[in-house]
2 protein chains.
Amino acid sequence: MKACIISIGEELLIGQTVNTNAAWIASRLNELGIETKEIVVITDKHEEILRALKECGERSDIVLITGGLGPTRDDVTKHALCDHFKSNLVMDQQILEDVTQYFKKFGRQITDLNREQALVPDKAEALRNPYGTAPGLWFKEEGKSFIAMPGVPYEMKEMINSQIYPVLSEMPRQQYIIHKNILTHGIGESALADKLSEWEDELPDFIQLAYLPSMGIVKLRLTAKGKQEDQLEKALADEISRLQKLIPEYIWGYDNDTQEKAAGELLKSTGSFLATAESCTGGYLAHSITRVPGSSAYFKGSIIAYSNDSKVQLLSVPPDLLKKHGAVSSQVAEAMASGVKKLFDTDYAVGITGIAGPDGGTKEKPVGTTFIAIAGKKELICKKYTFADSRERNIKRATRSALAMLKKMIEKEHKKRS
Amino acid sequence: MKACIISIGEELLIGQTVNTNAAWIASRLNELGIETKEIVVITDKHEEILRALKECGERSDIVLITGGLGPTRDDVTKHALCDHFKSNLVMDQQILEDVTQYFKKFGRQITDLNREQALVPDKAEALRNPYGTAPGLWFKEEGKSFIAMPGVPYEMKEMINSQIYPVLSEMPRQQYIIHKNILTHGIGESALADKLSEWEDELPDFIQLAYLPSMGIVKLRLTAKGKQEDQLEKALADEISRLQKLIPEYIWGYDNDTQEKAAGELLKSTGSFLATAESCTGGYLAHSITRVPGSSAYFKGSIIAYSNDSKVQLLSVPPDLLKKHGAVSSQVAEAMASGVKKLFDTDYAVGITGIAGPDGGTKEKPVGTTFIAIAGKKELICKKYTFADSRERNIKRATRSALAMLKKMIEKEHKKRS
């Protein structure tokens, strides 16, 4: 089964918004064995939409459309669809009820413009939108599907996940496309490619490999395509177990694992608690940990100590350490970790201090210099990193490195004990 | 002048790579008054490329192509271009020299495959590639341009910046395209559209308005197109000053402003210091504030108090408040703000407590219930929000609301004083 994606919106054509929607949709379709043949980005003009609907309809079995379903005047997708399918707008009572409830929930006044959102083409099935007011629209014609969704990413994603994907997954499958991701940390892309070169040469024809580097992490993506799901799964599992033997020390997870989820699960399973003390990362580590649902079960809190005073007063960093070694030093990182561990009475603690930039660097300690300390149940370790990138990347790389160090420490301490 | 962008690559069609190239190119073209009519993403198949070249050539004056120029077998763009333009490959001595030098620089052996990169269609002008081995190709036919570039972002960008943009900017300009963004907070898209309906009706023909909603923020984008740059600038300035009178309470910034930058500038200009106390946002507020370069000049730090104990011990929240009203209450939010203000000895402080979800909600306080308190130099205020969304969105919306409240408070207190 072939798909086309039509992304509608002037913001995509002036470069204001990057088309993340299309990438996300394409990857979900792949899970169903559906290949995206083409992505077309056009502006919200009636005649442009009509042309794209016609052309994409001829080339594919499923056309997924995002954007232009909002309540304002620049939203014309619904009318173009009516035109294309010779359909008329009728009030959908379920959608009207949804829109009314949506405004009630936020205590806002419903307007005529909002009520008009419940007008649905009579040849389409309406898809409910729990996160917004624009319903999705599913047209079926001559065995083909045209599915229009809002352009707001989380509204579109919810609609696909809960209403579109389940239906598409019931359709007869022509092929399987299986992606497996192996997540590595602590080794660069080309060094990894060198280590894996022989293994790569021996991969079977139906498996493809891609290297996806991103800020300290290299994702290895294996893609297998074929008719027999179990055969593909087995071949992928074999290749992954080969990989595990080749680079055991660099693999920290698979597929949608995140470092914070992996660390969190370890903390939970060992009944341990965590606290963090951050300077240069400014809360990004705490945020990463707490964006995992249920993190309150093992995360007690954090001190963001952005000044020397607060490092002394809140984290009990000895003032002479700061004076002698400077705020960005292994001694201070270790004192921060120990201090916050005591303060929150936890089993593990992280202390991070560094120079995120763009200012504040010196010859000895250039921008990107970062010390990360982990206080464990028994041990206290510290590592120095020199990221030397942009502020944003320094913050993220420091956070990723801290999570990798933390995970290693918990594993080590609990291996010893068992 | 109209442009089309053709992005070639399987990685874009399986959702492995987001098409940032097209957005970047489109925004550079806009600076030259060139409108992108369409972006087409296709796989690296000969016949697909031929079709796209034909269709895009018919619809536009400039076709920009990225991807598929590499040395390996799956790179077929050059051959498709030869086919389309009935052109033959000839060795380009300058490019051969560049490729040879490139390998020399890295101390690598040059292969026949690499040498073949210097084969250039005889009807094209070659564009040099200082960061890689694939040259760009510029075809001119019947007043139209077809420009093929490598898909690697920094190779493509360098080629545009140093060889393509300068040439295009010398062409006679047919129009200017100017975008201005007005950033609003605290009002939904449709309510805003209602308020602005009359103003929108009276916008001159050459100015277009778009509503771009995203998590609690609605961006209004005004786009002016025309021959006279100064006239467009003036007309936009006039419309923005009209807007400022219509919705003064909702506008918090323009163009690339962020809320944290706007709040930070206010703190700096008033010589004020800030601290935050976060529960449900788990550090995201502190992270947002500290991702702004130079934020250490006004941000002292934050306490992430994820447990009741830490709220009492670190922020001096009275235990009976927690008992009587619960951790998620206006009383506790206010006590957190006051507590952290005292602790860090600042002029302003924020306290946030809420239920981020997905668990922890009750009938009275469902997931998304959030109390945000701002302690100012004189005042202490608190607002209740009910976001009721996903965990990630609750965290982000709470942070945005807190920044909006903070900014308002600083403005108010410093207006009073002056």
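Modeller: Let us begin with a term. A residue is called buried when its relative accessible area is under 20%. Keep in mind that this is a predicted model.

Now apply that cut-off. B:Thr346 has a relative accessibility of 7%, so B:Thr346 counts as buried. Where does B:Thr346 sit? Its place is the loop between α14 (330-344) and β15 (348-354) of chain B. The side chain of B:Thr346 has a polar atom 2.9 Å from the backbone oxygen of B:Tyr348. Which residues touch B:Thr346, once neighbours within four places in sequence are set aside? They are B:Phe273, B:Leu274, B:Ala275, B:Lys300 and B:Lys341.

Next comes B:Ile6. This residue belongs to strand β1 (residues 2-8) of chain B. The relative accessible area of B:Ile6 is 1%. That is under 20%, so B:Ile6 is buried too. B:Ile6 and B:Ile65 are 59 residues apart along the chain. Yet their C-alpha atoms are separated by 4.7 Å.

B:Ile42 is in β2(B), and A:Glu38 stands opposite B:Ile42. Strand β2 (residues 35-42) of chain A and strand β2 (residues 35-42) of chain B run antiparallel. Five bridges join these two strands.

How many salt bridges does the rule find across the interface of chain B and chain A? There are seven. Polar contacts are counted as well: 24 residue pairs between chain B and chain A, with both residues at pLDDT 80 or more. On the side of chain B that touches chain A, the residues divide into 32 nonpolar, 28 polar and 19 charged.

Finally, step back to the whole interface. In total, 79 residues of chain B are in contact with 78 residues of chain A. Interface size is often given as the accessible area lost when the parts come together. Between chain B and chain A, the buried area is about 5900 Å². Carbon and sulfur atoms give 55% of that area.

Conventions:
Residues are numbered from 1 along each chain as its sequence is written. Chains are lettered from A and ligands numbered from 1 in the order in which they are written. This is a predicted model: local features need pLDDT of at least 70, side-chain atom pairs count only at pLDDT 80 or more; totals for chains, interfaces and linings use all residues. Side-chain values use heavy atoms; hydrogens and water are left out. Contact means heavy atoms within 4.5 Å. Buried area is the accessible area (1.4 Å probe) that two parts lose on being put together, summed over both. A salt bridge is a side-chain nitrogen of Lys or Arg within 4 Å of a carboxyl oxygen of Asp or Glu. A polar contact is a pair of N or O atoms within 3.5 Å; within protein, one must be able to donate a hydrogen and the other to accept it, and residues adjacent in sequence count only if both atoms are side-chain atoms. Ala, Val, Leu, Ile, Met, Phe, Trp, Tyr, Cys and Pro count as nonpolar, Asp, Glu, Lys and Arg as charged, and the others, Gly among them, as polar. Two strands pair if DSSP finds at least two bridges between them. Helices (H or I, at least four residues) and strands (E, at least two) are DSSP runs, numbered from the N terminus. Buried means under 20% relative accessible area, exposed over 50%, partly exposed in between (1.4 Å probe, protein chains only).
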